[in-house]
Amino acid sequence: MHAHSDHDHPHPPDSDDALTYYQAMEVAVRELLIEKGVLTADEVRRQVEDMDNRTPARGAQVVARAWADPAYKARLLADGNSALEEIGLDRGPYKLVVVENTPAVSDAAPVHNVIVCTLCSCYPRWLLGLPPDWYKSRAYLSRVVHEPRTVLHEFGLELPEEVVLRVHDSTADMRYLVLPARPSGTDGWSEERLATIVTRDCMIGVAVPRT
């Protein structure tokens with residue numbers, strides 16, 4: 001998929017010059033904030049370290065706990081932010097809604113969920129880290145709402161026709177996280193081992209966990 005973001009700034013013709021330009025801007029803004037007393041150098045360092053520590057491993061921990069503990073899963077689906085705090089994770093600055101991929105039950109069709117933000121690239125960064133380039137691309141933003149099955153096919157995910165696809169659009173004050181279905185053959189696995197098969201793309205909904 002074409003990975004152009006609506007929020008990308010136009011680059012000067014020479015990409016090396018562009019990198020130097022944005023690096024210089026970052027340094028100038030950071031030094032100005034410190035000079036004006038808005039932030040201290042130590043606060044800047046801590047914020048950078050915190051951003052570096054935000055990876056999909058946090059989200060994978062949440063999914064693994066939900067797979068291993070049905071009571072925790074129920075609380076996670078009812079109140080995502082409180083469930084994060086329960087296991088010592090940052091609840092995040094936005095309302096977290098967790099949507100579950102489900103198998104077929106009696107007369108109900110199986111459900112698969114996909115996340116997008118059609119206005120920009122809202123994303124649960126405190127759980128998944130920085131969003132991938134394709135998540136911010138014009139192609140993904142516009143197409144996944146209107147032709148989700150085709151988009152998932154392009155990611156290599158083939159779903160049976162009976163699966164109901166639900167696309168969830170993040171908002172300025174709400175973020176979504178997909179709770180994937182637990183794969184068969186994982187009975188008896190520890191939470192740590194379960195977490196190893198939960199990828200970022202599974203929690204966005206463009207992939208499913210593989211053993």
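Author: Buried means under 20% relative accessible area, exposed over 50%, and partly exposed in between (1.4 Å probe, protein chains only). Take R65: its relative accessible area is 25%, so R65 is partly exposed.

Reader: What kind of model is this, and which pLDDT do local features need?

Author: This is a predicted model: local features need pLDDT of at least 70, side-chain atom pairs count only at pLDDT 80 or more, and totals for chains, interfaces and linings use all residues. Residues are numbered from 1 along each chain as its sequence is written, and side-chain values use heavy atoms, with hydrogens and water left out.

Reader: What is the mean pLDDT of the protein?

Author: pLDDT is the predictor's confidence in each residue, from 0 to 100. Here the mean is 85, and 79% of the residues reach 70 or more. Residues 1–18 have pLDDT below 50. Beyond near neighbours in sequence, that stretch has 26 contacts in the model (heavy atoms within 4.5 Å).

Reader: How many helices and strands are there?

Author: Both are DSSP runs, numbered from the N terminus: helices are H or I with at least four residues, strands are E with at least two. This protein has 10 helices and 4 strands. From the N terminus on, the order is α-α-α-α-α-β-β-α-α-α-β-β-α-α.

Reader: Which residues lie on each side of β2?

Author: In a regular strand the side chains alternate between the two faces of the sheet. On one side of β2 are V111, N113 and I115; on the other are H112, V114 and V116. Both faces are covered. In total, 6 of the 6 residues of β2 are buried.

Reader: In which sense do β2 and β3 pair?

Author: Two strands pair if DSSP finds at least two bridges between them. β2 and β3 (residues 164–169) pair in the parallel sense, over 6 bridges. N113 has R166 as its bridge partner in β3.

Reader: Which residues of helix α7 are buried?

Author: An α-helix has 3.6 residues a turn, so residues three or four places apart point the same way. In α7 (residues 138–146), the buried set is A139, Y140, L141, R143 and V144. Their cover includes β2, β3, α8 (148–154) and α10 (200–204).

Reader: How many disulfides does a search of the whole structure find?

Author: The criterion is a pair of cysteine sulfur atoms within 2.5 Å. The search finds 0 disulfides. C122 is in none, and its nearest cysteine sulfur, that of C120, is 3.5 Å away.

Reader: Where is C122 found, and which residues does C122 touch?

Author: C122 is in the loop between β2 (111–116) and α6 (125–128). Leaving aside residues up to four places away in sequence, C122 touches C117, Y135, S170, T171 and R175.

Reader: Buried or exposed: how do C122 and C202 count?

Author: C122 counts as buried, because its relative accessibility is 12%. C202 is buried too, at 1%.

Reader: How many salt bridges are found in the whole structure?

Author: Side chains of opposite charge can pair when their charged atoms come close. The cut-off here is a side-chain nitrogen of Lys or Arg within 4 Å of a carboxyl oxygen of Asp or Glu. The search finds 8 salt bridges.

Reader: What is the N to O distance between E191 and R65?

Author: E191 and R65 meet at 2.9 Å, N to O. The pair links distant parts of the chain, 126 residues apart: E191 is in α9 (residues 191–195), R65 in α3 (residues 56–68). E191 is partly exposed, with a relative accessible area of 26%.

Reader: How do R91 and E85 meet?

Author: Their side chains form a salt bridge at 3.1 Å, N to O. R91 is partly exposed at 31%, and E85 is partly exposed at 45%.

Reader: How do R200 and D201 meet?

Author: They also form a salt bridge, at 3.0 Å, N to O. R200 counts as partly exposed, at 26% relative accessibility, whereas D201 counts as buried, at 18%.

Reader: Which residues are linked in a network of salt bridges?

Author: R143, E147 and E154 are linked that way. R143 is also among the buried residues of α7.
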